[in-house]
Amino acid sequence: MSVPRSSVPLRLPYVVCAVLVLLLAGCGTGGIAGTGESGALTRTAGAPGVPGPPGAGGASAAPSSAGPAAVPPGPSPAPPREIPGLGPRTRAAIPAGARQAFVVTGESPDSNRSTAVLYTRDGPAADWRAAMAPWPAHNALNGWTAEHWVGDLRSPVGVYTLTAAGGRLDPPATAFPYDLSPDFKVAGEGFDGEPLEGSFDYVIAIDYNRVPGTSPLDHTRPLGAERGGGIWIHVDHGGPTQGCVSIAEDRMKELLGLLDPAKDPVVVMGDAASLSG
């Protein structure tokens, strides 16, 4: 709100001031009013017969030395739209340069069922937006953990970069480094008795306890072998995993086509309560 300009009474000659004193004594109300709501000095119209500047009914305001009235600031820009369900701690863990985030949200800390959505943004200060509808997913048999260890059958909670892919089958159109190898083979049965064959036809390595940018088959474990590794996004076999995240084969091929290493993609994964922190 702009501030009213101050009105400063003109100084009248001494003789005129003496006349004013005599005239005002019989007027009841003086020619100078008090301050308004803003606290600025205001002035009423002069009483009849009281001299003033030519063309005015009373003394007018002198030019203000306060300068031009302040211009009210415009509305502040709205903050960028964030990814739904993520709390401040999780959002802060997403690198500033990341423009793709594959968010896997578990139903509960001990559940092996999740929902996955890929979000994108045009820059660090831009809105996040969903690039696809939610996909059903599986995670580890026993749910989630903030500190993964070998054999706990829990998926690690956190934000991890995605830098390499691979598989037993020729890749779909993808910009990701892709290691085509027959070593992406698996046999046997899952926890629900479902066949595991084909689960590693397409995989994307999650950079938990591994060297980013290397093949998903690389067994280097910077945190130590006891902290587990080989945590991937791979083809769903219809049941819980040992620690990975799995989605349907068609969804896996679609994700490989959407992820762009130039956008520094990450996976944000964990149960809903953990991610909301």
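Across the whole structure, which is a predicted model, a search turns up four aromatic pairs, that is, rings of Phe, Tyr and Trp (its six-membered ring) with centres within 6.5 Å, called stacked when the planes are under 30 degrees apart, edge-to-face when over 60 and tilted for the rest. One of them joins Y160 and Y208 edge-to-face, at 5.8 Å centre to centre and 85° between the planes. Y160 belongs to strand β9 (residues 158-167) and Y208 to the loop between β11 (203-206) and β12 (232-235), so the pair bridges distant parts of the chain, 48 residues apart; strands are DSSP runs of E with at least two residues, numbered from the N terminus. Y160, with a relative accessible area of 14%, is buried (under 20% relative accessible area, 1.4 Å probe, protein chains only), and Y208 is buried at 6%.

The pair of F184 and W232 is tilted, because its centres lie 5.7 Å apart and its planes stand at 50°. F184 counts as buried at 1% relative accessibility, as does W232 at 9%. Ring pairs tie F184, F200 and W232 into a cluster.

Turning to N139, this residue sits in the loop between β6 (135-138) and β7 (144-145) and is buried, at 0% relative accessibility. Its side chain makes a polar contact of 2.4 Å with that of S114 (N or O atoms within 3.5 Å, one able to donate a hydrogen and the other to accept it; residues adjacent in sequence count only if both atoms are side-chain atoms).

Residues are numbered from 1 along each chain as its sequence is written. Local features need pLDDT of at least 70 and side-chain atom pairs 80 or more, while totals for chains, interfaces and linings use all residues, and side-chain values use heavy atoms, without hydrogens and water.

Notes. Helices (H or I, at least four residues) and strands (E, at least two) are DSSP runs, numbered from the N terminus. Buried means under 20% relative accessible area, exposed over 50%, partly exposed in between (1.4 Å probe, protein chains only).
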